[in-house]
Amino acid sequence: HHPDDPARIVIDMHAAHVWDASAVAALDAIAHKYERQGKTVEIIGLNAPSDAIHSALSGKLAAAN
């Protein structure tokens, strides 16, 4: 992150697929880093299978802390 980053961060996943826990952990780690800086993070464009994996695992992985 950079001090000049905007207050609202959007991660666009339209062209990506979340395959496993490591991908969820990576997204969580990015989101948590920005949120600790007081920024809002929104992940958009997850396809249905990716959204299901992300919803099931997000916030539950030790690597994201």
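How many positive and negative side chains does the protein chain have, and how far apart do the centres of the two sets lie? There are 5 positive and 8 negative side chains, with the centres of the two sets 6 Å apart. Lys and Arg count as positive and Asp and Glu as negative, while His and the chain ends are not counted; each charge is placed at NZ of Lys, CZ of Arg, CG of Asp or CD of Glu.

This is a predicted model, in which local features need pLDDT of at least 70 and side-chain atom pairs count only at pLDDT 80 or more, whereas totals for chains, interfaces and linings use all residues. Residues are numbered from 1 along each chain as its sequence is written, and side-chain values use heavy atoms, with hydrogens and water left out.

**Figure 1. Overall fold of the protein chain.** Two helices and two strands make up the secondary structure, arranged from the N terminus as β-α-β-α. The radius of gyration is 12 Å, close to the 11 Å that the globule rule gives for 65 residues, so the protein chain is as compact as a globular protein of that length. The radius is taken over C-alpha atoms, and the rule is 2.2 Å times the number of residues to the power 0.38. Helices (H or I, at least four residues) and strands (E, at least two) are DSSP runs, numbered from the N terminus. The C-alpha trace spans about 35 × 25 × 15 Å along its principal axes.

**Figure 2. Surface and contacts of the protein chain.** The accessible surface comes to about 4200 Å², and 56% of this belongs to carbon and sulfur atoms. Areas come from the Shrake-Rupley method with a 1.4 Å probe; for residues, only the protein chains shown count as cover. Of the 65 residues, 26% are buried (buried means under 20% relative accessible area, exposed over 50%, partly exposed in between; 1.4 Å probe, protein chains only). Among contacts (heavy atoms within 4.5 Å) between residues at least 6 apart in sequence, 83% join residues at least 24 apart.

**Figure 3. The salt bridge between E42 and R8**. The structure holds one salt bridge, defined as a side-chain nitrogen of Lys or Arg within 4 Å of a carboxyl oxygen of Asp or Glu. The closest N and O atoms of E42 and R8 are 2.4 Å apart. This pair links distant parts of the chain, 34 residues apart: R8 belongs to strand β1 (residues 8–12) and E42 to strand β2 (residues 40–44). R8 counts as exposed at 51% relative accessibility, whereas E42, at 31%, counts as partly exposed.

Figure 4. Leaving aside neighbours within four places in sequence, H54 is in contact with V24, L27, D28, I43 and L46.
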